[in-house]
Amino acid sequence: MNSQAREEDVTSQGPSAIGYCSQCNNLSTTHISDNITPIVRGFLSEFEASTRSGCEICRLLLTAISPYEGPGRLKAYIRPGAALNILVKCANKNARYDLFTPIGEPISPWPGIGQARVIALENFADDRLVDILQSWLKDCRAHTMCQSTNAQSISPARIINVTNDQVRIEEPGSLQEPYVALSHCWGGSILPRATKATIQLLKSTIDWGSLTKTFQDAITLTRKLGFHYIWIDSLCIIQDDENDWRVESLKMADIYENAELVVSATGAKDGSEGLFRERKPVQILASDDTQDSSTVREYGSNHKVIYTHGPGECNDKDCPIYICRDTARHAQWDSLDMIAQSSGQFNPLLTRAWAFQEKLLATRIVHFADHELVWECKETQRCECMHLDRSDGRPMLERSSDNTKLRFSKATSSPQSSQALELYELWAKVVAGYTERFLTFEKDRLPALHGAIQKMQKLNLGPCVGGLFLSEVPRCLLWRAAEPGTRHEVYRAPTWSWASIMPPRKQPPRITYLWHSYSEGLGTYDYSLEETCIEPIGGLVMADGPIIDEPQFGLHFRGPLISATLIVKITDQPYLDIAGGYGFMLHNMPPRNYSYYILLNDQSISFYPDILLHLGDKDMESSFEISLVAIARRYKQKKADQILVLKRLESEEDYTGIGMLPQTFGDPIFQRIGIVTKLEDDGQDWFDDAKKKAMYIF
């Protein structure tokens, strides 16, 4: 079934007849075609009325979601052969369930309810999971895209040999054998690591007792799968050798992509928790459920078992048993917008920026998640319970067509398959997902994305500076941060790059690109720019920086430039949006109100500041001169609505504030300090009489 399928209400399908329920359509699949995802939907009261009229299917659906309270709605996605995916919204719950019959048990007479795997194992150490993993590996090796790696053209300098009972580091030069790579949270635990002082000893042997539980479990799994080598970052990169770290970290894209399998300790917060740990499934049994102890032992308390026959009504083995379980956590594997903030308590590794790249680049990766195994490769997703095996019947936001890893793999494996605009939109999603995640060290902001940048650079998007691809300069400049930060003490990137910002409170910067516009008629986003307002002058400009051999980059272009005044207002009052300004509260600090707004011709307008623009914490109001340059006009907008807020660099202090040496060019030099994303539609265009002027932005 096409993953871009449209949704259709199946209650309108089929004739009314004896034995037919117009509410659930008997979960029929006969009308399904390649562009239809059938949905059963309605108010809970409608399903209750149908149940009173004798419909066993509607009774089963209501039993599955019970207990529920008050009015509400139910929607069920039919995926032929797979579990029925049920969404319910009512007074006491907003939940998502799978309803199915277990594999190996009698199938349901209703075609909309397929079969799935029961995951009632108490922990991840069961060898049955190795069998599942081996079957996924076998299927994946037949995928076209999953065969198109670099054939280990770049090998890690070191690898851990785990053959038989030995565990030791080798320096193979060119590794020919397949290997496993580990992705894990360093956390607060003390990790065994290679240093200049210990590397020679580690080449001889690695003491098993010195390894964390995660390392031990990963090595055990490597052996069970029949591999002899595993790559673990803390042991295969010399941690106190800056040059070795620099060289090997640049290989990480190839190391993770070329690994036969990446094993991810996704549900572990540090090395003490391991892979083979107790599962944390979502409990579904309510206090008033009357499941006997033997049923709970067989299926687990995360599964509700439903019998559609009463005592004595079915004495043979052909009567199906229905299982219902919560599937809400599967959303974190599809829509990257949902992941970082929602999954930290369940799968800590999904909140880490380095792990984001490892997951993105891996040819195939298996996650030991909080309650099941999850598989991702370049062509598909799978999970132990089988919910992710079929994307066609899931809500649009959760379908693998919108999965960033799968889209990234397709684009980078088949360079001719995507248009430039699609690639920019893909990169915007990568940046959004990446900047939702945490880094321990801000200096890693760009290195932790270097591998993904390398892959995208092969797609003719132009040079990449500070995480921005420059073949279409207007588009790449149109980003904003969730809240203003500060400049790095040491130069990291030009101010027109999101990587130049150090986010506040050790939070992720959460970058959003702003060049898409929602089309109500189509119900989609239009990613085109109606008009670009700037004209590049020459190529990228380089200037000398404070550090030798590390030049700083600027853009030289001509665009409509006007002067304005930026007002900074700080009060002790509770939050108040002053004159339409950008007001915000800083968490973990005394309550303050910081309001910035732009004043021009007695009009004020809000904007998104990149950095904090005030000093001190006392009541104050101040102003200073800024410049505005119109960058672009988005789809269906009447005037330029994407405007950079600039501050001219004049004094030595201005330059040192962004980590630069004073420069002398023929045209004025600016730093970026924010972006305006919309002007009020009052008929006045601030740039009507603006002349295009040449400028540099560093």
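Just after helix 1, G54 takes a positive phi of about 110°. Helices here are DSSP runs of H or I with at least four residues, strands are runs of E with at least two, and both are numbered from the N terminus. The model is a predicted one, so local features need pLDDT of at least 70 and side-chain atom pairs 80 or more, while totals for chains, interfaces and linings use all residues. Residues are numbered from 1 along each chain as its sequence is written, and side-chain values use heavy atoms, leaving out hydrogens and water.

Back in helix 1 itself (residues 44–52), L44, F47 and S50 are buried; buried means under 20% relative accessible area, exposed over 50%, and partly exposed in between, with a 1.4 Å probe and protein chains only. Seen down the helix axis, the buried residues of helix 1 fall within an arc of 120°, so they line one face. That arc is taken from the directions running from the axis to the C-beta atoms.

Now for the loops. S66 and P67 are joined by a cis peptide bond, with omega about 0°, and P67 sits in the loop between helix 2 (56–65) and strand 3 (72–77). M386, in the loop between strand 16 (381–383) and helix 12 (404–413), has a positive phi near 80° despite not being glycine. M386 is partly exposed, at 22% relative accessibility. N601 also has a positive phi, near 50°, and is exposed, with a relative accessible area of 55%. Most residues other than glycine have a negative phi, and most peptide bonds are trans.
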